[in-house]
Number of protein chains: 2
Amino acid sequence: MERKPDNCRVEDALGILVGKWKPIILLYLLQEGTKRFSELKRNMPGITQKMLTKQLRELEDEDIIRRVVYPQVPPKVEYSMTDYGRSLEPILEAMHEWGEKHTEHKAKEEQNQLKSSS
Amino acid sequence: MERKPDNCRVEDALGILVGKWKPIILLYLLQEGTKRFSELKRNMPGITQKMLTKQLRELEDEDIIRRVVYPQVPPKVEYSMTDYGRSLEPILEAMHEWGEKHTEHKAKEEQNQLKSSS
DNA sequence: TGCTATAGTATACAAAAAGATACTATTGGA
DNA sequence: TCCAATAGTATCTTTTTGTATACTATAGCA
């Protein structure tokens, strides 16, 4: 990594991944393939419709996911990863792995604090 | 990636990396090693002292960077990556690479839009 | 006729992140 | 005696994110 901060493109990836629900949406779609709006919602207890819609729209605007509307009533809308979106997988995977190590790390830290305070 | 969203640890990494200046700070320290507060500030035009201090404290609390105070006047405080912090490098690297591809991708998209609107 | 299901909007509000600006302590040197 | 340098705090304001809640359209069905 020999580059200047001014050509740092880390922010681009970060901008796409950031948002309380985006990583969860992306991992879900990566694992499960195509999903309807209602299935996404069911899978994310606590999310509001507005939030889910917003996150999906943002991901769609970045060409990370695809939105397909079926002209039916009641409506049916399906979401899936684009090929381009799938290219985020290594990042998500790296983050997930790091996150698991981090959990251990925090556990150890707490252990140390207990020792030193007793 | 065959896991349930409820054991998704992506958020942990995200929580550490998110912040307008954190990736820049981390890449800088990874590349340049130990740096003083004033050097960090000089390297990030636009950041306020308050912001820099806050981001550094948060990274320190997570054991990602180390803060060493020299009892001098005027004060001297040095920051550097911890070993643990260096374990974030693959993620930052993956993000950087993706970001570069993203820049091309966006350029192509704009080309296509120009074509289709002419 | 009125209810259900689905995928949303619209509006108001609360909380978190970021920015602007002013202030502090201390010592060596002019 | 007063100024410069360094690494901060303390407040206040603005912007961005996220939450809560209510509302909409429409085909099919009882």
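**Contacts with DNA and helix packing**

A backbone N or O atom of B:Val77 is placed 3.2 Å from a phosphate oxygen of DNA strand D. The model is a predicted one, in which local features need pLDDT of at least 70 and side-chain atom pairs count only at pLDDT 80 or more, whereas totals for chains, interfaces and linings use all residues. Residues are numbered from 1 along each chain as its sequence is written, chains are lettered from A and ligands numbered from 1 in the order in which they are written, and side-chain values use heavy atoms, with hydrogens and water left out.

DNA strand D is surrounded by 20 residues, of which A:Lys20, A:Lys50, B:Gln49, B:Arg67 and B:Pro75 are the closest. Of the atoms of DNA strand D that come within 4 Å of the protein, 60% belong to sugar and phosphate. A residue is near a strand if one of its heavy atoms lies within 4 Å of it. Polar contacts are pairs of N or O atoms within 3.5 Å; within protein, one atom must be able to donate a hydrogen and the other to accept it, and residues adjacent in sequence count only if both atoms are side-chain atoms. A phosphate oxygen of DNA strand D lies 2.8 Å from a polar side-chain atom of B:Tyr79. At A:Lys50, a polar side-chain atom lies 2.5 Å from a base oxygen of DNA strand D. Two or more residues of the surface near DNA strand D come from each of α4 of chain A and α3 (37-43), α4 and β3 (76-81) of chain B. Helices (H or I, at least four residues) and strands (E, at least two) are DSSP runs, numbered from the N terminus. The largest share of this surface, four residues, is supplied by α4(B). By class, the surface near DNA strand D holds eight nonpolar, five polar and seven charged residues. In this division, Ala, Val, Leu, Ile, Met, Phe, Trp, Tyr, Cys and Pro count as nonpolar, Asp, Glu, Lys and Arg as charged, and the others, Gly among them, as polar.

Around DNA strand C there are 20 residues, and A:Gln49, A:Arg67, A:Pro75, B:Lys20 and B:Lys50 come nearest. Sugar or phosphate makes up 67% of the atoms of DNA strand C within 4 Å of the protein, and bases make up the rest. A polar side-chain atom of A:Lys50 is 3.2 Å from a base nitrogen of DNA strand C. Phosphate oxygens of DNA strand C are approached by a backbone N or O atom of A:Ser38, at 3.0 Å, and by a polar side-chain atom of A:Arg57, at 3.1 Å. In chain A, α3 (37-43), α4 (49-61) and β3 (76-81) each give two or more residues to the surface near DNA strand C, as does α4 (49-61) of chain B. The most, four residues, come from α4(A). The surface near DNA strand C divides into eight nonpolar, five polar and seven charged residues.

Two packed helices are described by the angle between their axes and the distance between the axes. Axes are lines fitted to C-alpha atoms, for helices over the stretch in contact, and angles run from 0 to 180 degrees between N-to-C directions. In chain A, α1 (residues 10-17) packs against α2(A) at an angle of about 85°, with the axes 8 Å apart. The two helices are therefore roughly perpendicular, a term for angles of 65 to 115 degrees (under 35 is roughly parallel, over 145 roughly antiparallel and the rest oblique). A:Gly15, A:Ile16 and A:Leu17 of α1(A) meet A:Lys22, A:Pro23 and A:Leu26 of α2(A), where contact means heavy atoms within 4.5 Å. This contact has four nonpolar, one polar and one charged residues.

In chain B, α1(B) and α2 (residues 22-32) also pack at about 85°, with their axes 8 Å apart. These helices are therefore roughly perpendicular to each other. B:Gly15, B:Ile16 and B:Leu17 of α1(B) form the contact with B:Lys22, B:Pro23 and B:Leu26 of α2(B).

Between the chains, the axes of α2 (residues 22-32) of chain A and α1 (residues 10-17) of chain B come within 10 Å and cross at roughly 145°. The crossing of α2(A) with α1(B) is right-handed; a crossing is right-handed if the near helix is turned clockwise from the far one by less than a right angle, and left-handed if anticlockwise. A:Pro23, A:Ile24 and A:Leu27 meet B:Val10, B:Glu11 and B:Leu14.

Backbone features lie in loops. The peptide bond from A:Val73 to A:Pro74 is cis, with omega near -5°, and A:Pro74 is in the loop between β2 (65-70) and β3 of chain A. B:Val73 and B:Pro74 are likewise joined by a cis peptide bond, with omega about -5°. A:Asp63, though not a glycine, has a positive phi of about 70° and lies in the loop between α4 and β2 of chain A.
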